Amino acid sequence: MGKLAALAGQTVVITGASSGIGRATALMFARSGANLVLASRRKEVLVDLAHQCVALGARATAAPTDVSDPSAMQALAQAAERRYGRIDVWINNAGVGAVGRLEEVDLALHRQTIEVNLMGALHGAAAVVPRFIRQGHGLLINNVSLGAWTPTPFAAAYAASKFGLRGLTASLRQELAPYPDIHVCAVFPAIVDTPGFAHGANWSGRSLNPGPLLYRPDDVARVFLRLIGRPRAETVVGWPSAASKFAYGLAPVLTERLVGLALRTVLARAKPGPTTDGALLAAGPGPGDTDGAWLDRKGLPPASVFNRALAATLLAGAAIALASLWRRSASRR
């Protein structure tokens, strides 16, 4: 409740708000009484989401925006200020991807991936940072990915955009270091059950499957919420993301080879699938969904449940080991 109370009356801009993590964040933040400015390309979906947020206690504005257009992002910031007077939190969350061999995927899809994931975040920062400086405070959150730590074959543009976004975030953080009340945070989620797999482009010729270790969009939204009360430079969501960061930092060449081998094997064993541009070049029809229903179809619990089970197992093992050592020590006395 404390973190939600801290959001009351604050103005939050969320890009990529129509589905997935952005939608989950909007609905979670709406319960706080925040002023929400919801941005994505799909106007009808945004309007419906804004109505839901108002019903939950927020003030909410739908702002159809193409993040790859710098003038549109400036207009988004202006609209937020005009409606609510200031911007307290800006979340660059919009993201897309294209899967397939570099030379086979249409170059327009590679370009759009970088335009949305990297340039979209840069456009957002360029729009909001001058406002943060003028008002003396603000929080910028960039939703990055574990893909910023692990090279991803067959998604080269995606990997380039996420490695670049990590660098952009760190560089901007240092530029703004003289301003103690302006914070720049990077969030690195592991694989999340969102509609992103359906919205992305797939030129691999194979059906894509995100695997069994999937986190919920709410898991990431809770991290965003926590950062508002306690900003941190970098936050991972899920142990696979933490493991990727550690492995690539410790042994980058070995990690690169292992990931390459794993992804080549997965694609080779996958079932044939259709070639699609997804929603990269044009917003797709249909409702905005929070999750991709992968966990439901697989009949699996979210990965956060595995995390708790693993932690409980490790703690129980440690307790047993300590008890055994204590008994041995006591028997020698």
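1. Glu234 first: at 24% relative accessibility it counts as partly exposed, where partly exposed means between buried (under 20% relative accessible area) and exposed (over 50%), using a 1.4 Å probe and protein chains only. Its side chain meets that of Lys245 in a salt bridge, 3.2 Å from N to O. A salt bridge here is a side-chain nitrogen of Lys or Arg within 4 Å of a carboxyl oxygen of Asp or Glu. Lys245 sits in helix α9 (residues 239–250) and Glu234 in strand β9, so this pair ties together parts that are eleven residues apart in sequence. Lys245 is also partly exposed, with a relative accessible area of 34%.

2. A word on what you're looking at. This is a predicted model, in which local features need pLDDT of at least 70 and side-chain atom pairs count only at pLDDT 80 or more, while totals for chains, interfaces and linings use all residues. Residues are numbered from 1 along each chain as its sequence is written, and side-chain values use heavy atoms, with hydrogens and water left out. Helices (H or I, at least four residues) and strands (E, at least two) are DSSP runs, numbered from the N terminus.

3. Now the sheet. Seven strands make an open sheet with parallel pairing, in the order β3-β2-β1-β4-β6-β7-β9. At its edges are β3 (59–64) and β9 (234–237), each pairing on one side only. From one strand to the next, the twist averages 15 degrees; axes are lines fitted to C-alpha atoms, for helices over the stretch in contact, and angles run from 0 to 180 degrees between N-to-C directions. Two strands pair if DSSP finds at least two bridges between them.

4. Strand β4 (residues 89–92) is worth a look. In a regular strand the side chains alternate between the two faces of the sheet. Here Val89 and Ile91 point one way, Trp90 and Asn92 point the other way, and all are buried.

5. What does β4 pair with? Strand β1 (residues 11–15) runs parallel to β4 and is joined to it by three bridges, with Val13 standing opposite Trp90. Four bridges join β4 to β6, again in parallel, and the bridge partner of Asn92 in β6 is Asn142.

6. Asn143 has Val187 of β7 as its bridge partner.

7. Back to the charges: the salt-bridge count comes to seven. One of them links the side chains of Asp219 and Arg222, at 2.8 Å from N to O. These two are three residues apart in helix α8 (residues 217–229), so about one helical turn separates them. Asp219 is buried, with a relative accessible area of 11%, whereas Arg222 is partly exposed at 42%.

8. Glu103 and Arg101 form another salt bridge, their closest N and O atoms being 2.8 Å apart. Glu103 is exposed, with a relative accessible area of 57%, and Arg101 is partly exposed at 42%. There is also a network of salt bridges linking Glu81, Arg131 and Arg134.

9. How many disulfides are there? A search of the whole structure finds zero, a disulfide being a pair of cysteine sulfur atoms within 2.5 Å. As for the cysteines, among them Cys53 is buried at 0% relative accessibility, and Cys185 is buried at 1%.
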